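This briefing is meant for a reader who is meeting the structure for the first time. Please keep the sequence and the model in view while going through the points below.

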Amino acid sequence: MHAYLIANVSFADHERAREYGMQVGPTIEAYGGRYLVRGGRAEVAEGNWQPHHLVIAEFPSLEQARRWYESDEYGAIKPLRLAHADSQLLFVEGIPTG
């Protein structure tokens, strides 16, 4: 069952954002993930969301998404995001329809 990483990231430093962005993609791909959404304009239809840079990535499973998040590869660049951005991340398991 597929799983999705949903992230809302607000970098204070655009240079660090570019640096992180260039490095994170290959780590996601190494764990079978692929981007579905990576930025772009967001319009709030309901609620008090405060979207910044939204990312949705699909992984083959929740376990594989966790492996990516806990991997040495991602662990090497995660501090760059943590030090220079306000972010929220969550994993959602996809429910097959039909």
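The points that follow take up the sheet, the helices and the aromatic rings in turn.

The model is a predicted one. Its four strands form an open sheet in the order S2-S3-S1-S4, with antiparallel pairing, and the structure also holds seven aromatic pairs.

**The sheet**

- Strand S2 (34-38) and strand S4 stand at the edges of the sheet and have a single partner strand each, so one side of each is left without a neighbour in the sheet.
- On average, and with direction ignored, neighbouring strands of this sheet are turned by 20° against each other.
- Strand S1, which covers residues 3-11, is joined to S4 by nine bridges, and the two strands run antiparallel.

**The helices**

- Helix H1, made of residues 14-30, lies across S1, S2 and strand S3 (53-59), and it runs at about 145° to S2.
- Met 22 has its place in helix H1, and because its relative accessibility is 69%, Met 22 counts as exposed.
- Between the C-alpha atoms of Met 22 and Gly 40 the distance in space is 17 Å, and these two residues are 18 residues apart in sequence.
- Helix H2 lies across S1, S3 and S4, and its direction is at about 155° to S4.
- Helix H3, which spans residues 72-84, bends by about 30° at Lys 78, and the proline Pro 79 follows within four residues.
- The buried residues in H3 include Tyr 74, Ile 77, Lys 78, Leu 80 and Arg 81, and among the elements that cover the buried residues of H3 are S1, H1, H2 and S4.

**The aromatic rings**

- Among the seven aromatic pairs, one joins Phe 11 and Tyr 20, whose ring centres are 5.7 Å apart and whose planes stand at 45°, so this pair is tilted.
- Both members of that pair, Phe 11 and Tyr 20, are buried.
- In another pair, the rings of Tyr 69 and Phe 91 have centres 6.0 Å apart and planes at 80°, so this pair is edge-to-face.
- Through ring pairs, Phe 11, Tyr 20, Phe 59, Trp 68, Tyr 69, Tyr 74 and Phe 91 are linked into a cluster.
- Lys 78, the residue at which H3 bends, lies over the face of Tyr 69, at 4.0 Å from the ring centre.

Terms used: Residues numbered from 1 in each chain as written. Predicted model: local features only at pLDDT ≥ 70, side-chain atom pairs only at ≥ 80, totals over all residues. Heavy atoms only, no water. Phe/Tyr/Trp six-rings, centres within 6.5 Å; stacked < 30°, edge-to-face > 60°. Buried < 20%, exposed > 50% of the residue type's maximum accessible area, 1.4 Å probe, protein only. Lys NZ or Arg CZ within 6 Å of the ring centre and 35° of its normal. Pairing = 2+ DSSP bridges. Axes fitted to C-alpha atoms, helices over the stretch in contact; angles between N-to-C directions. Contact = heavy atoms within 4.5 Å. Bend = angle between axes of the 7 residues up to and from the residue.
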